[in-house]
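Here is a quick tour for anyone meeting this structure for the first time. Have a look at the sequence and the model, then read on.

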Amino acid sequence: MKIILKILVVAGALWAATQLIDGITVKDTTAARTVGTLVAVALIFGLVNAVLKPIIKTIGCAFYVLTLGLFALVVNACLLLLTSWIATQLNLPFHVEGFWAALLGAVLVGVISWLLDMLLGLNED
């Protein structure tokens, strides 16, 4: 149940990013299809983060230390761009246009996800 709530939280954060950031779009015809697309993209984003982020953190540990953690923003932006590419390959109408949109989107998705996780108590073990 917790995993489903986390996916829905990320889907909501992605929806907010599509509404607030130029360059992040979902082009679907109906609200139901848009919701389905966002849930699918949230699932892809979660899988990409689960698989690649630990590897990148291990390899790029020095960059995290040297930049006081700001390198994480670049990594998250790249992971969002990768998610957009995978979504395109799967014929999902989700697109992130360029690095700056991905950077702003990654920050917004991270902050909104964190806030919703706190409000819903999803961070508790």
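Predicted model: local features only at pLDDT ≥ 70, side-chain atom pairs only at ≥ 80, totals over all residues.

Residues are numbered from 1 along each chain as its sequence is written, and side-chain values use heavy atoms, with hydrogens and water left out.

The mean pLDDT (the predictor's confidence in each residue, from 0 to 100) is 90, and 98% of the residues reach 70 or more. Confidence is lowest in helix H3 (residues 61–66), with a mean of 86, and highest in strand S2 (residues 94–96), at 94.

## Overall build

You'll find five helices and two strands here. Both are DSSP runs numbered from the N terminus: helices are H or I with at least four residues, strands are E with at least two. Starting at the N terminus, the order is α-β-α-α-α-β-α. The radius of gyration is 14 Å, close to the 14 Å that the globule rule gives for 125 residues, so the protein is as compact as a globular protein of that length. That radius is taken over C-alpha atoms, and the rule is 2.2 Å times the number of residues to the power 0.38.

Of the 125 residues, 36% count as buried; buried means under 20% relative accessible area, exposed over 50%, and partly exposed in between (1.4 Å probe, protein chains only).

## Two salt bridges

Searching the whole structure turns up two salt bridges, each a side-chain nitrogen of Lys or Arg within 4 Å of a carboxyl oxygen of Asp or Glu. One joins the side chains of Lys6 and Asp117 (2.9 Å, N to O). This pair links distant parts of the chain, with Lys6 in helix H1 (residues 2–20) and Asp117 in helix H5, 111 residues apart. Lys6 counts as partly exposed at 32% relative accessibility, while Asp117 is buried at 8%.

The other brings together Arg33 and Asp28 (3.4 Å, N to O). Asp28 is buried, with a relative accessible area of 19%.

Val111 sits in helix H5 and counts as partly exposed, at 42% relative accessibility.
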